Structure formats: structure tokens, C-alpha cells
Amino acid sequence: MDKAERKLALTHEQLMSIEKPARYTGGEPNSVMKDSWRLRFAMCFPDVYEIGMSHLGQQILYGLMNSYEDVWCERVFSPWTDLDALMRREHIPLFALESQDPLKDFDFIGLTLQYEMCYVNILQILELSGLALRAADREDSDPVIIGGGPCVFNTEPIADFFDIFYIGEGESCYRELFDLYLKCRDEGLSKREFLIKATAIEGMYVPCLYDVEYDEKGRLKAMYPNTPGVPEKVRKTIVKDLDGVYYPTAPVVPFIQAAQDRAVLEVMRGCIRGCRFCQAGQIYKPVRRRSPETLLRYARELIDNTGYDVISLSSLSTSDYPELKELLEGLISFCSERKINISLPSLRIDAFSLDVMNKVQDVKKNSLTFAPEAGSPRMRNVINKGLAKEDILNGAELAFRGGWNRVKLYFMLGLPGEEEEDIRAIAELCNDIAMLYYDTVPKEERKGRVNITASSSFFVPKPFTAFQWAPMDRKENFLEKAAFTKRCVREQLNQKSISYHYHDSGTTIIEGVLARGDRRLSAAIEAVYRKGAVFDAWTETFSYERWIEAFEETGTDYGDYIYRERPADELFPWDYLDCGVTKAYLYREWQRAKEAVVTPNCRDRCAGCGCTGYGVGICVGK
Amino acid sequence: MSVSARIKFGRRGPVRYLGHLDMMRYFQRCVMKCSLEAVYSEGFHPHQLLSFAYPLGVSMETDGDYADLVMKDGADAGKVKEALNSVMHEGIYVREVRILGEGTLNAMASVAAADYELFVSAEEGLQEAASRILAEKELFTAGDGKKKPKDIRPGILELRAEGSRLFMKLLSGSALNVRPADVFEGMKTYLPEESKCTLIRRLEIYGTKDGKYVPLIEM
Ligand code: SF4
Ligand code: SF4
């Protein structure tokens, strides 16, 4: 079908009455139109187009599914509040971008769960599609609602809205799931029968097939399958060989400016460093990587297929990629020949990375980034961030000599065991870096003041981290700590060179509750949605008070999810899930955190996290 | 050494909802995709030297819009057209390419007038309204807080109805720039209330040569 001849779901007048109509008209380069299929998949990203289109996972699954001849995968994003209102007023059902057909016509609706603050948008998508919010209230003829993405590592707060969660990496099992679905459909089996059979596929969690019990204090006591043949534990599924798996070298290129407007090379999955607050570091284990040859081939294909003029490298910690030098040399030579810019992720600052940055960036315009996460060396040991003060100062000194004069630093407040002196150390570290600038760069070479920007987020104890047992700070404490940080910064000698920002504390509290809650939380999520919550990830639409009201109205003791330190034997709502790392390992790490002892990274010494069972990547020396 | 290629292009269908910046980005990417020998600016972030004659409004179609692209010497018009069309499949397509002679004024500075076709929801009263407008000496736009009302009548060079469609030739450029939507607004006084314009399509952009209007591709 010709993209120029496609019909549109919205009329000309409707399109002209909303902001950025091209968010909803599709037809972009590399978007896929099909004339025949056996299965239709609507892949939804519950945020605006510009955010969703910048998400690599989305592009991977879109390309992969459309590479199957019998599947047509289309895209859906949350309609912004203007279109949302229009659709409700004029009873327009939510549609997919490619065919512009209503979502109700699809076999599957897949929802990407990228961050907790988009949960209310899931309900928006279901409702605008004309579907019942809860799985139990939907018909057999309704699409199968499947969730995937990093938030599936605690599905329970949204479990009631979904039929299946796909736990792990999308490349590995979708084909198997589709084959099963088509077979069940051919045989005329019910949705429930299909769902039961699906649990035999690695990574598939069907929430309605599990029962949950709470004790007299209202805390989780047990969770078990309620149907024969359904496994007790659901194991995360992963890709074994990154070089061999599908990669989207012809991703859809948005017409309108997306948040990430560039070709992306995914270098590695997983991270060798077990920072104790970091969920990504655990759930994507074990570390696997692509070879430089594969990546350079992808780079060429990407540019030929997209016309992007920027390439960026993506991974959790690109500095840990062993063949970085080789890769960057190849990339720099290809990119300078084709006039393409390279956007480097935040590399660890050393002589090598500075040299590379010097080649590909305008030193005057770019800043150095450090993520020490904590101010004091003791606190950095607690969180297992092996970044010594000398490393930061040495890196900064080298950079200052090279002409940089802007530094960004990222910290966290509210970490377990944090004392006043740890917070003061944040300000002192900033000051030391400023001082170093004035010591390093002679007066006549300075281009104005050194510019140091420190930002802090508030700590959330996430599932599958060593800190999952830790309590979260209260909102008042967060604000006090931020105010204290600010005061400490102002006390520094070089305070005029330092600016300090902090994240919204209300968002952090809600994020904590949604990240840690159990199945009962779905009542509050539905309640807050009914009160008009949508686009919680956006400051202009988020309301903390609305959430607190919803908790009160539904009798949700939200504080119990976040404010207490958990005993060693507490059952977590996510314990049914096997993400590779064992609870025993995480608990060991929690104890080591309390003693402020550092654990070496996977490359230096295996910490015995449990991932060897996958038999791939770094665990087996690759 | 470098030359300028003048690219005449069309856009139809759902892509009409793109903004001007989206179109620029789209063209730049197409040039990158088909490895055309474009000339790039110097500096850390080299970019193509690409400029459009006349920004296309959101929702407007075109059969004759223009962009100039600076290319390396020896560029061949036929090959440029073929290369660009090989990577455009979205309803945007190149109709013609011409390598400009030295000293040709760039497309943007050349714009003097343009032809439009408007699709109107009903045929009723259209011919009559067109004649009434042509019979008048002046036609003031509504204006708002930011813009003063201005007389666009001298800029309406041609105006006629054909069934439920309107054709107009309008003055464009810095002296007096007439937008087709403003002409239709002015006609509305003489049209049934529910009359709506559902599509505006630009047909051609003209420059002037020896006192005559000539399509930009022939300049
Ligand atoms: S380096 Fe630490 S914070 Fe960064 S991804 Fe790895 S574990 Fe997480
Ligand atoms: S098993 Fe060892 S090497 Fe493998 S991810 Fe765990 S700690 Fe790292």
C-alpha cells in the first residue's frame, strides 16, 4: 500500500484543532504497511510520540515483528491531552498509526512499561480503545493485553489490567508466543486456555493464574499458581547471542523532532558494576556485547537507511566495552567521511576518552559528566560506586587542561545510612573541582568562570537491588536534605561557580510506591485515573495531591510500601520472578552495604549473583 | 567548486501535516541516505546548504515547491532526481531538477507569485463569491492583536471557481504576501455558512523574468 494514499482516522478539522498533528498521521520513512497478515500487534508506548519514538526497545520489537511475514505490528502512542479530550467528546476510538484502524481490531495490544509514572496512561490507552480496564472484565474477543519493558520486574501494581507480562528481552520468545496464539485460535481455544499454555514459554507471566494471600497486618504472605501446570516461578528470558539476533538497522525515522533524533548503536546489554541502588545493573545481567565488526556494519546500514546525521552509542556503561578503542576508531573514520556527528554517552573521564571527545565534540560547548551519586567516599562504598575522589579530580584536571570548563555532577539524596557529613561532602566535592580549575588553568587562559552543575535525585529502593530492603525517606526529609545541600553549597569558597538543582520529591514518592506496591495498588491507580490523572511523567500534568487523595479513598496504606526497612524474611511481590540474580546474593550485598564494603565488578571477580545459569556473556568469560 | 541544484517537489496525502522544519529535516535525510555529493558547511557540526523557496504551511499540499541544494561540481540533474526519488516513498517526490547557471538568484529571494487550488466543501455560491471579490477595490484581512488588517486585493492576480474548487494566483514575496486562506476568509461573506475549505494545494511558484511570471524551475 502506498503511504501517500493511506486513510486517516481523524478528519482534517480534527487534525488542525490539535497540537502537532503529525504525531498521529504515521507514514514515516521505514514505517511498515502490509496487505496481508494473520496476526496484528499494536505496540503502544504510553507517553507522547516524541518520547516513545526515541526508545530503542520499541524500534527493535517493531522491526522484529514486522520481519515475520504473518504479523503486522503497528505503533500507538498516548494521545496528548488535547486529542484525548477530542476523542472522548466525539467518541473516536484509539487507532494505530499505520493502518489508522481502531485498537479493538487487533490480536494483541502490547504496552511498553518504561517507567512507573506512565501507569495511568496505560488506563488511558485501554479506555480510549473501548476496552474494560481490568482483564477479568474483558471479553474473549478483545485483544490480548501484554506488558513488557523494565517495569515488569514488579508487575503487581498493574497486574489486574493485563493478560500477560513478557518478562525479559523481547527478541527471544515473541515468535513462539505468536505461533502458540495462532494454533490456539485455529483450534478455537478460549483466551484462558491460550494463557495457560503460554506459561510454558520462558518469561511469560499470567497474573490471573496466581493467587495472593496477605497476613493480619495486611502484608504479603504467599503467592502461588492457582491452576495445574502453571510454574511457581517465572524466569526472565534473554538473548544468548547479541551478534546473531535481529537489530533494527532501518528504524522508523520520525518526521517531527523526537527526543532522540539519531541513529543508535546498542553496544552492550547489562553492566558489570553492581551499584547497589541500580535496578538496570541487575535486571539486564549477564553482560553481553556485540563485536565491533557487527557494530560498524550496523552503523553503515543505519545511515544508508535513515539519513540521520548523528550516531550515538548506547549501553549502561560504554566505558566498560572492552573493544571501545577499536570501535571508536572505526566509527570516527566512517563518520568523518560521511559528515556524520558522533554523540558520545557519558564515558569515564580519562586520557583516552578526552582525546576521543576532543575529536568529535566542540570542547567549548560540551560539558564533562560525572555520576559519583554520593558525596563522600564512605557513602560511595555503601552504594558500591567504585569511583574514587582522585579519579574524579584527575579526570577533571586533564579535562581542564584540554579546554573544558563545564562540569556536570549527578548525586542521590536519601541513600541508606546517609549522614549530614555525606551530604556536606557533595558541596565540598563541587568546591574541590572548582578550586582545581583555578589551580590548573592559568588566569590568562581562562574563559570566564568554571561552571559546575550539581543535580540530585531522591533515592528509590527498587526491586531486585541490594537496597530492596531499605526504607525510603519521607517527603519532608527529602526537601530538608535538598535545602541542606543548597546551604552547604552556598557556604563554599567557590559557590559562585556552582549551581545546584534537585528533582521533584512528590514524583519520587509516587514512583517509589508504584515500584514497590502489590496487587492491591491497582485500586488506587484506577482511582487516580478516574480523578483525571494522565501524563504523570510530565510536571505540567502531574499532581501529588491527587495521588494522596486516591490512596486515602481506596484505603491504601502507601507508606507501608516505602517507609519501612524490610526484615530478611519478608516476601516481596516480585519474588515469584527469577531474574537471574538470587535473593541470597542481593541480601549479601545489602549486608555489605551496611558495612560499607565494596564488591568487585564482574570482570574483576564474579560475585556469585546466580546468573551463571544462563551460561552466556561475561559469566562464562565472554 | 560547487553548483546549486534547484529541486521542484510535490507533497500529497497525510504528509501534508508536516511543518516546515520537518520538511527540511526530511530532505536533509534523503540527501544523506542516497549519498548525494552535497557540499557541507565547515566546522564541528557540518550541515548541508539546503534552502527552501517558500515554507509550506501545515496541511498544505503542493505540486510545485522548490528547494536549492549546493552540490559538488559536476552534479547531474537527472541523476539527482532519480537518487532522491529512490529514497522518497511517503508522498513527497521530486518532479524536476535543474542545475542553476552561475549568478541565478536563490529560490527564496526569487519568489514573486504562486498558484493555488482550494477544495471547498460545497459548490454553492463559489463562482458568485469569486466575481464579487474581483469586483471589489479592496479586501482587508481580519487582523488580530498581533497583526494589523491589510488590504490583499491588489495581490489577487487571478481568482476563479471550477465546480467546488477554486483557483487563484496570488502575489508572494516581501512587498505583499497573500495567503490563500485569507482570500477564502474574505469570500466567506458571500458563501453559505457551512462552507469550508478542506484542502489547499500550491500548484506552482513563480519568479519574474523580463517582467513576466516564470516558474522557478525555468529561472
Ligand atoms: S554503572 Fe552502576 S549505576 Fe551505572 S548501570 Fe552499572 S550498575 Fe547501574
Ligand atoms: S554470575 Fe558472576 S559474572 Fe555473572 S553476572 Fe553474576 S556476578 Fe557477574
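Is Asn384(A) buried or exposed, and what is its relative accessible area? Select Asn384(A): the residue is buried, at a relative accessible area of 7%, where buried means under 20%, exposed over 50% and partly exposed in between, with a 1.4 Å probe and protein chains only.

This is a predicted model, in which local features need pLDDT of at least 70, side-chain atom pairs count only at pLDDT 80 or more, and totals for chains, interfaces and linings use all residues. Residues are numbered from 1 along each chain as its sequence is written, chains are lettered from A and ligands numbered from 1 in the order in which they are written, and side-chain values use heavy atoms, without hydrogens and water.

Stay on Asn384(A). Its phi is positive, about 65 degrees, although the residue is not a glycine. Asn384(A) sits in the loop between helix 12 (377-382) and helix 13 (389-401) of chain A. Helices (H or I, at least four residues) and strands (E, at least two) are DSSP runs, numbered from the N terminus.

Next, select Lys339(A), in the loop between helix 10 (324-338) and strand 14 (341-343) of chain A. Its phi is also positive, near 60 degrees, and the residue is partly exposed at 34% relative accessibility.

Go to Pro286(A), in the loop between helix 8 (280-283) and strand 12 (288-289) of chain A. The peptide bond from Lys285(A) to Pro286(A) is cis, with omega near -10 degrees. Most peptide bonds are trans, and most residues other than glycine have a negative phi.

Finish at ligand 1. Residues around it (a heavy atom within 4 Å) include Cys271(A), Cys275(A), Cys278(A) and Lys385(A).
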